[in-house]
Amino acid sequence: MKLILLGAPGAGKGTVAKLLTELDGSVQISTGDILRGAVQAGTELGKKAEAYMKAGDLVPDELIMDIMEKRLQEPDCEKGFLLDGFPRTIPQAEALEKLLDKLGIELDMVVNIDVPRDVILDRLTTRRTCSNPECQAIYNVKSNPPKVEGVCDKCGSPVVQREDETEEAISHRLETYNEKTAPLVGFYEKKGKLLTVSATSSDEVINAIKARLAA
Ligand code: ADP
Ligand code: ZN
């Protein structure tokens with residue numbers, strides 16, 4: 001399947017994407033994971049992106065489009081892909097339309113995961129992430145802690161709070177979402193591709209997607 005996952009930070013895009021990869025071998029493409037990996041590896045891209053990310057600001061569209069143009073042409077995308085955290089602005093969405101046209105790819109749908117703000121805030125302040133750039137497993141101190149405190153179950157690396165998950169950076173990210181990314185809901189609705197799911201459980205989101213794909 002070829003999907004875009006829309007939703008505020010903390011809406012569960014990453015969790016839903018991981019569950020969907022298990023259904024049909026589609027790959028998860030998270031621009032946030034790619035960027036954090038680049039920052040930790042100290043690459044040119046990482047150096048350019050780091051300050052924006054720390055502040056909870058968006059990285060410039062050109063950098064993101066360079067990443068995505070290459071990524072979507074890798075062979076593992078042939079079975080399908082789940083775009084998690086991209087597009088994030090109207091210019092990115094417009095550039096993606098052109099890129100998909102050029103590559104002869106058609107999206108199945110755009111899923112808007114709609115979660116109440118209080119749930120989002122609670123999730124983001126309790127979220128912890130594996131510091132290993134190859135892993136980036138996600139935990140929650142309340143609902144899904146690692147078996148050993150501070151240690152990743154999957155790879156043994158330290159589990160940490162992301163630098164952009166302080167209260168200040170979180171509220172800034174949510175503002176940025178409302179201002180820059182929320183307009184994409186209307187953009188894709190006009191194209192007749194949108195499925196909005198209001199649910200806080202990722203299983204409910206998965207079931208709604210499966211039902212729409214089968215229809
Ligand atoms: P979340 O969805 O939890 O905010 P992500 O992991 O998707 O977090 O993104 C983390 C940061 O990476 C963002 O705050 C932003 O700085 C940058 N980023 C990720 N994807 C994009 C994108 N498509 N456009 C611009 N910046 C991005
Ligand atoms: Zn790990």
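This is a predicted model: local features need pLDDT of at least 70, side-chain atom pairs count only at pLDDT 80 or more; totals for chains, interfaces and linings use all residues.
Local features need pLDDT of at least 70 and side-chain atom pairs count only at pLDDT 80 or more, whereas totals for chains, interfaces and linings use all residues. Residues are numbered from 1 along each chain as its sequence is written, chains are lettered from A and ligands numbered from 1 in the order in which they are written, and side-chain values use heavy atoms, with hydrogens and water left out.

**Ligand 1**

- The shell around ligand 1 holds 19 residues, of which Thr 31, Asp 57, Gln 92, Arg 127 and Arg 173 come nearest; a residue is near if one of its heavy atoms lies within 4 Å.
- By class, this shell has seven nonpolar, four polar and eight charged residues. Ala, Val, Leu, Ile, Met, Phe, Trp, Tyr, Cys and Pro count as nonpolar, Asp, Glu, Lys and Arg as charged, and the others, Gly among them, as polar.
- Helix α2 (residues 31-41) gives the most to the shell, with four residues; helices are DSSP runs of H or I with at least four residues, and strands are runs of E with at least two, numbered from the N terminus.
- A polar side-chain atom of Thr 31 lies 2.7 Å from a nitrogen atom of ligand 1; a polar contact is a pair of N or O atoms within 3.5 Å.

**Helix α8**

- In helix α8 (residues 183-190), the buried residues are Leu 184, Val 185, Phe 187 and Tyr 188; buried means under 20% relative accessible area, exposed over 50%, and partly exposed in between (1.4 Å probe, protein chains only).
- These residues lie on the same side of α8 because they cover an arc of only 165 degrees around the axis, taken from the directions from the helix axis to the C-beta atoms.
- The face turned away from the buried side carries the exposed residues Glu 189 and Lys 190.

**Ser 30**

- Ser 30 is found in strand β2 (residues 27-30) and is buried, with a relative accessible area of 8%.
- A polar atom of the Ser 30 side chain lies 2.9 Å from the backbone nitrogen of Asp 33.

**Cysteines**

- The whole structure has zero disulfides, a disulfide being a pair of cysteine sulfur atoms within 2.5 Å.
- Cys 130 counts as buried because its relative accessibility is 3%, while Cys 155, at 34%, counts as partly exposed.

Technical notes. A polar contact is a pair of N or O atoms within 3.5 Å; within protein, one must be able to donate a hydrogen and the other to accept it, and residues adjacent in sequence count only if both atoms are side-chain atoms.
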